[in-house]
Amino acid sequence: MGVSIRSIIDVWRYELDPRQKAMTGFAAAVVLAMITMAVAAPYITPKDPIFTNIDLRFRPPCKEYILGTDHLGRDVLSRIIYGARVSFTAAALAISITTLIGIVLGLTSGYIGGALDRLLALAMDSLYVFPRVVIAMLIAFVLGPQMHTIALAVALSTVPSFFRVTRSITLSAKERTFVEAARAIGGSRFHVLRECIVPQVAPSLMALAAVTFSDSILVVATLGFLGVGIPPPTPEWGTDLSVAREFLATGAWWNIVFPGLAIIFGTWGFLTLGEITNDLVNPRLRKR
Amino acid sequence: MDQRTVVKTIGLKKWFSIRRGFSELFLGDKIYARAVDGISFEIARGEIFGLVGESGSGKTTAVRAMLMLTRPTDGTIFIDGKDVTRLDKKELRNIRRIAQIIFQDPYDSINPNRTISQIVSEPLRVHRLCRGKREIDNRVRKALSSVDLEPPEEFMKRYPHELSGGQRQRVAIARALVLEPQVVVADEPVSMLDVSIRAEILDLMKKLRRDTGLSILFITHDLAIAMYMCDRLAVMYLGKIVEMGATDLVVLRPLHPYTRALISAVPVPDPNHKRTEVELPGEIPSSLRIPAGCRFHPRCPLYQKRRNATCAETEPELKELQGRYVACHLAGPKE
Amino acid sequence: MFFIVVTAVFIVMRAMPGDPAVAILGEAATPQLVELLRQKLGLDKPLLVQYLDMWSHLFQGNLGASLRTLSPVTTEVSHKLPTTIELAIGGVLIGATIGILAGVEAAKKRETSVDYTTRLFTTLVHSTPIFWMGLLFQLLFGIELGLLPVSGNIGSAITLHPITRFVLLDALLNGNVYAFIDALRHYALPWLTIGLWFSAASSRLVRVNLVEALTQDYVTTARAKGLRENVVLYKHALRNALLPVLTLMGLQFTSLLGGAVVTETVFAFPGVGSLLWVSILNRDYPMIEGIMIVFTLVVAFSLLIIDLVYALIDPRVEY
């Protein structure tokens with residue numbers, strides 16, 4: 001992978017616009033902050049996210065409760081910090097499953113082709129027809145709302161699209177002349193796969209994984225909102241929003257705005273990093 | 001097979017079936033694109049043999065089939081005396097050590113994700129021919145020197161995108177030679193290079209042939225290059241060989257009307273030379289709809305004049321005539 | 001492909017753990033009661049028979065009956081589908097308009113601040129959960145400013161004679177202008193939500209394809225002819241750029257359906273989306289199956305429409 005790192009640095013230095021660089025820096029900062037938040041949660045939360053105190057319900061943002069309190073008097077900020085844990089753990093689990101299934105099936109299907117490929121592509125296309133949210137919702141509801149089942153639900157809902165893209169880049173990689181050259185040398189199919197195909201698709205797959213990760217965060221939150229997420233009192237951005245919705249009329253805007261912003265930042269950070277990775281990788285591929 | 005022959009093909013065919021979806025299931029009649037429709041030739045050891053034709057002539061498909069990179073539809077292929085159409089996978093792999101290929105596009109035929117050293121040593125590693133890094137490096141260095149990439153150490157650590165087109169093609173040649181094959185197929189090796197670089201690469205190939213006794217099957221659509229490089233030529237049209245023989249003979253005294261037309265199109269750097277360019281009507285038909293009889297007759301100037309019925313009905317065989325082989329009913333001393 | 005999808009739906013529904021009969025009757029039900037219900041629901045027949053039954057019913061247009069409301073699935077869906085369609089069409093129109101305008105501006109001034117800001121904005125919108133956007137609008141326009149209603153698709157006090165079940169249409173057909181305006185006010189926020197969300201995706205598509213189209217030679221020719229830049233942009237480049245955009249948008253249809261589901265839930269909109277949500281929460285299997293099948297039909301139908309539109313617009317396509 002030496003070429004990837006060296007020419008990626010080249011592309012970064014010479015071909016990226018300063019505004020893009022600024023945005024990347026910002027996105028990286030956001031991602032880092034959020035991961036730190038998730039990891040260091042027990043050490044940085046000002047208050048106990050689960051501790052309820054009816055007297056303190058619906059406090060607007062103030063010095064003591066920086067982001068206000070929810071309908072049970074819990075600190076919104078603390079819940080958001082802990083919520084990061086839940087969201088990222090679920091999304092991380094989900095992305096592991098998705099990349100595993102997606103890469104294995106997509107690579108195999110694209111590289112080997114033939115009847116297997118046609119069958120798999122048809123099966124995946126059929127699933128692709130359904131909205132991700134619906135698939136995830138069905139699976140999550142049926143299997144019961146727990147961390148690993150939610151992760152599975154999200155994973156399975158993102159697999160069809162991940163498979164599609166993986167298969168497609170594998171197919172284009174297969175057409176390159178140096179792949180034919182490797183076969184002409186006498187390389188076995190496995191050799192060609194390892195030596196030619198994998199290095200060629202790996203960078204794009206990394207970008208794809210980043211983008212899918214950001215999508216997973218969104219789906220996890222959506223599941224929470226729809227009522228099939230991790231059950232309370234565990235803090236989760238989506239579930240908290242669904243609860244906040246019921247109390248919309250109280251005008252407690254902080255319950256809605258802040259968890260939402262958390263979702264946005266988390267999703268946006270990873271999405272931007274993924275897209276920049278893609279930009280870094282693809283100009284290199286197009287370079288002659 | 002004669003010991004002096006390194007490659008021999010008999011009746012090589014490669015047809016592609018065109019799927020028409022459901023209609024095919026019902027109608028049963030398969031349509032084939034007959035890219036290579038029965039060609040036979042021999043390449044002697046140490047010879048540079050040219051396969052000349054325009055796009056659509058089938059020359060690229062022919063060599064892919066000859067090297068068993070794609071399964072021939074019919075025909076027999078002998079490489080170094082062995083019938084490669086009957087070999088199993090393992091034996092076929094060994095044949096790869098004898099017959100190698102250089103591709104047209106130097107920008108795409110070497111792995112962009114690997115160093116030059118890894119690229120050139122790949123065949124050695126695939127066939128497990130070397131023991132230890134030092135031996136591999138030595139052989140890579142030798143190969144790079146032989147293609148004039150000096151000093152080799154400078155190039156070994158580099159990546160393809162750091163090299164020019166001409167340098168990349170040299171790397172491709174080095175890779176093809178590292179196994180010390182007996183025959184190398186060069187598929188339009190200079191068409192994508194700058195004109196000023198072409199002569200260097202061509203001369204390099206000639207030098208390699210001189211130094212190692214290598215045979216080269218040289219594919220090109222450029223007759224001028226063929227004239228410069230090749231000892232013998234075969235001219236292809238729509239999947240068949242129409243004329244084959246010593247280059248000087250075929251070029252200076254072409255018998256087949258198609259060869260004549262091709263040659264007349266080659267520019268001559270002499271302002272006093274009268275251009276008698278033969279213009280062929282129409283375009284090369286698709287390999288899906290090959291004309292009946294002689295496949296060239298609809299565009300043939302001789303046929304236009306003489307309207308010989310045989311030309312429209314029977315396919316001409318490749319026959320020896322005036323020191324070379326021609327496939328034409330009308331070519332001959334009469335004309 | 002429809003065949004495969006329906007089979008997939010069948011398999012998924014049957015493969016899900018949990019007995020629907022038990023779910024309906026509750027944990028305390030006696031085994032005999034459960035068995036009785038299973039027989040009534042046809043769940044005790046062998047899978048193959050169930051599968052064939054499903055197909056024969058489908059061909060008769062029978063999707064079974066809801067386990068929750070006991071009314072036929074087709075009735076329920078046909079009542080709610082028009083609302084979702086109204087929602088989708090309105091949202092798409094708004095989104096496409098904004099998207100095209102924004103995309104054109106970004107393409108025109110690419111690599112400038114306008115372009116980067118637009119792209120940043122679209123990425124942010126893409127990262128925003130649809131339900132949050134809806135909630136925010138509800139909060140802003142509904143609660144704080146008290147401008148627009150936040151739930152339902154028409155005021156509960158209004159009665160309309162249902163003709164087409166397209167609420168807006170029915171209001172007009174009923175001659176009830178007040179109802180029409182009221183319905184519009186109810187549709188405003190959901191439309192805005194879907195519109196904004198859709199505009200993000202479409203503006204990106206438009207920008208990318210327009211930039212590509214602008215590099216083509218015919219654009220240079222048009223400019224050389226002396227045409228004004230706007231004419232060049234809109235009449236020539238955009239027309240050609242829109243073709244791939246159209247296909248891609250068509251493929252986004254599934255996401256749109258997903259978005260509709262979520263939006264309807266947020267706004268308590270009586271469409272197929274919220275119906276699906278309620279059905280899933282209640283394990284109303286026939287309804288879920290029915291809606292999924294309808295979804296597939298809708299997607300297939302829309303793809304067909306896209307192909308037709310493509311054939312009409314692109315003079316190169318012949319059928």
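**Helix packing, sheets and a chain contact**

Helices α5(C) and α12(C) are roughly perpendicular to each other, because their axes, which come within 11 Å, cross at roughly 115°. In this description, angles under 35 degrees count as roughly parallel, angles over 145 as roughly antiparallel, angles from 65 to 115 as roughly perpendicular, and the rest as oblique. The structure is a predicted model, in which local features need pLDDT of at least 70 and side-chain atom pairs count only at pLDDT 80 or more, while totals for chains, interfaces and linings use all residues. Residues are numbered from 1 along each chain as its sequence is written, chains are lettered from A and ligands numbered from 1 in the order in which they are written, and side-chain values use heavy atoms, with hydrogens and water left out.

Helices (H or I, at least four residues) and strands (E, at least two) are DSSP runs, numbered from the N terminus. Axes are lines fitted to C-alpha atoms, for helices over the stretch in contact, and angles run from 0 to 180 degrees between N-to-C directions. In chain C, α5 covers residues 73–108 and α12 covers residues 253–267. Their crossing is right-handed; a crossing is given this name if the near helix is turned clockwise from the far one by less than a right angle, and is left-handed if the turn is anticlockwise. On the side of α5(C), the residues C:T84, C:L87, C:A88 and C:V92 meet C:L256, C:A260 and C:E264 of α12(C), where contact means heavy atoms within 4.5 Å. Of the residues in this contact, five are nonpolar, one is polar and one is charged; Ala, Val, Leu, Ile, Met, Phe, Trp, Tyr, Cys and Pro count as nonpolar, Asp, Glu, Lys and Arg as charged, and the others, Gly among them, as polar.

Chain A has eleven helices and zero strands, and its C-alpha trace spans about 75 × 45 × 30 Å along its principal axes. Two of its helices, α7 (residues 147–174) and α9 (residues 189–226), have axes that come within 9 Å and cross at roughly 155°, and α7(A) and α9(A) are therefore roughly antiparallel to each other. The crossing of α7(A) and α9(A) is likewise described as right-handed. Residues of α7(A) in the contact include A:I150, A:V154 and A:F162, and those of α9(A) include A:I197, A:L205 and A:L208. The contact of α7(A) with α9(A) comprises 14 nonpolar residues, eight polar residues and one charged residue.

Chain A also meets chain C, in a contact that takes 42 residues from chain A and 45 residues from chain C. About 4100 Å² is buried between the two chains, and carbon and sulfur atoms give 79% of this area. Of the area that chain C buries against chain A, 15% is supplied by C:F131, C:W132 and C:I280, more than by any other three residues. Buried area is the accessible area (1.4 Å probe) that two parts lose on being put together, summed over both.

Chain B contains sheets. Strands of a sheet pair through backbone hydrogen bonds, either parallel or antiparallel; two strands are said to pair if DSSP finds at least two bridges between them. One open sheet of chain B has eight strands in the order β6-β7-β8-β3-β9-β10-β12-β11, with mixed pairing. Its edge strands, each of which pairs on one side only, are β6 (99–102) and β11 (319–321) of chain B. Neighbouring strands of this sheet are turned by 20° against each other on average, direction ignored. Helix α2 (residues 59–66) of chain B packs on this sheet, touching β3, β6, β7, β8 and β9, and its direction makes about 150° with that of β8(B). Four bridges join β6(B) to β7(B) (residues 183–187), and the two strands run parallel, with B:Q100 opposite B:V184 in β7(B). Helix α7 (residues 165–177) of chain B lies across β6 and β7 of chain B, running at about 175° to β6(B).

A further open sheet of chain B has four strands in the order β2-β1-β4-β5, with antiparallel pairing, and its edge strands are β2 and β5 (82–83). Eleven bridges join β1(B) (residues 5–18) to β2(B) (residues 31–44), and B:S17 has B:Y32 in β2(B) as its bridge partner. Strand β1(B) pairs over five bridges with β4(B) (residues 74–79), where B:D74 is the bridge partner of B:K13. Two bridges join β4(B) to β5(B), and B:F78 is partnered by B:D83 in β5(B). Helix α2(B) lies across β1, β2 and β4 of chain B, running at about 115° to β1(B).
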